[in-house]
Amino acid sequence: MTAHMKPTTIVSISGTGTSTCILARLVPLIRVISIRLFWVFVLIDTIYLCNVGIFSVSFDGGGYVLCRECGREITQLRYVTREKSDQSLKHWNETVDGVPIHINRYRNPAMVEFNLVTVSDANVVPISRTASFQHSWFPPLGWIICVCPTCRTHLGWVFTSSTNYAHKTNTNPGDFVSLIWNKLISESTADSFIISPKF
């Protein structure tokens with residue numbers, strides 16, 4: 001029993017055979033415990049999402065690519081790859097901080113088009129453990145929607161040959177992430193938007 005807690009007394013109501021506990025003293029304690037348990041579960045969930053089934057990026061050397069919504073570091077320009085698919089509607093190159101970026105446009109079955117950049121490593125969270133192999137832009141690989149680990153914005157898809165992806169701590173050879181280019185921003189571009197206040 002802690003120093004600030006008062007002992008709880010049990011009052012017996014004669015003749016009814018029931019005991020009534022003075023719960024008024026326990027309610028604040030229960031409230032504190034439930035709030036702390038809530039934050040423990042939030043922490044456990046965050047640790048799970050950041051360690052299981054996520055491509056882990058070791059950020060060093062600059063050239064960051066950020067989530068446009070929240071600014072979270074998602075990948076680096078050095079991880080950009082050039083995955084090919086016959087299902088690309090259009091493709092072109094852009095140069096970001098001196099690094100050539102190959103962008104492909106794809107259309108999903110709902111007729112929504114996406115401009116995608118493929119990377120070998122990214123800090124994203126797959127939303128499922130099971131890959132779908134239907135309507136894959138990169139057959140025979142399956143896809144899993146992935147989101148930003150901070151703001152949960154849909155950033156793209158993990159393409160994998162595994163049917164039970166989220167249990168893996170390392171990617172399979174040939175796995176990659178296809179990121180929606182207009183949901184990302186380079187760190188140098190984001191830095192150029194920051195304007196010093198005039199006094």
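Q: What makes β3 and β4 paired strands?

A: In this predicted model, 3 bridges join β3 (residues 64-67) to β4, and the two run antiparallel. Pairing requires at least two bridges between the strands, so 3 bridges are enough for β3 and β4 to count as a pair. Within this pair, Val65 stands opposite Thr75 in β4.

Q: Which strands make up the open sheet, and in what order?

A: The open sheet has 3 strands in the order β4-β3-β13, with antiparallel pairing. Strands of a sheet pair through backbone hydrogen bonds, either parallel or antiparallel.

Q: Why are β4 and β13 called edge strands?

A: Each of β4 (73-76) and β13 (184-186) has a single partner strand, so one side of each is left without a neighbour in the sheet. From one strand to the next, the twist averages 30 degrees.

Q: How many disulfides does a search of the whole structure find?

A: The search finds 0 disulfides. For Cys70, the nearest cysteine sulfur is that of Cys148, 3.6 Å away. A disulfide needs the two sulfur atoms within 2.5 Å, so at 3.6 Å Cys70 is in no disulfide.

Q: Why is Cys70 called partly exposed?

A: Cys70 has a relative accessibility of 35%. Partly exposed covers the range between the buried cut-off, under 20%, and the exposed cut-off, over 50%, so Cys70 at 35% counts as partly exposed.

Q: What makes Cys146 buried or exposed?

A: The relative accessible area of Cys146 is 0%. Buried means under 20%, so Cys146 is buried.

Q: What kind of peptide bond joins Pro139 and Pro140, and where does Pro140 lie?

A: The bond between Pro139 and Pro140 is cis, with omega about 10 degrees. Pro140 lies in the loop between β9 (125-126) and β10 (142-147).

Q: What is the phi of Asp97, and why is Asp97 called partly exposed?

A: Phi of Asp97 is positive, about 50 degrees, although Asp97 is not a glycine. The residue Asp97 lies in the loop between β6 (90-96) and β7 (99-107). Its relative accessibility is 46%. That value lies between 20% and 50%, so Asp97 counts as partly exposed.

Q: How do you know whether Met111 is buried or exposed?

A: Met111 has a relative accessible area of 57%. Exposed means over 50%, so Met111 is exposed. Met111 lies in the loop between β7 and β8 (113-119). Its phi is near 70 degrees, a positive value in a residue other than glycine.

How values were computed. Residues numbered from 1 in each chain as written. Predicted model: local features only at pLDDT ≥ 70, side-chain atom pairs only at ≥ 80, totals over all residues. Heavy atoms only, no water. Buried < 20%, exposed > 50% of the residue type's maximum accessible area, 1.4 Å probe, protein only. Helix = DSSP H or I, 4+ residues; strand = E, 2+ residues; numbered from the N terminus. Axes fitted to C-alpha atoms, helices over the stretch in contact; angles between N-to-C directions.
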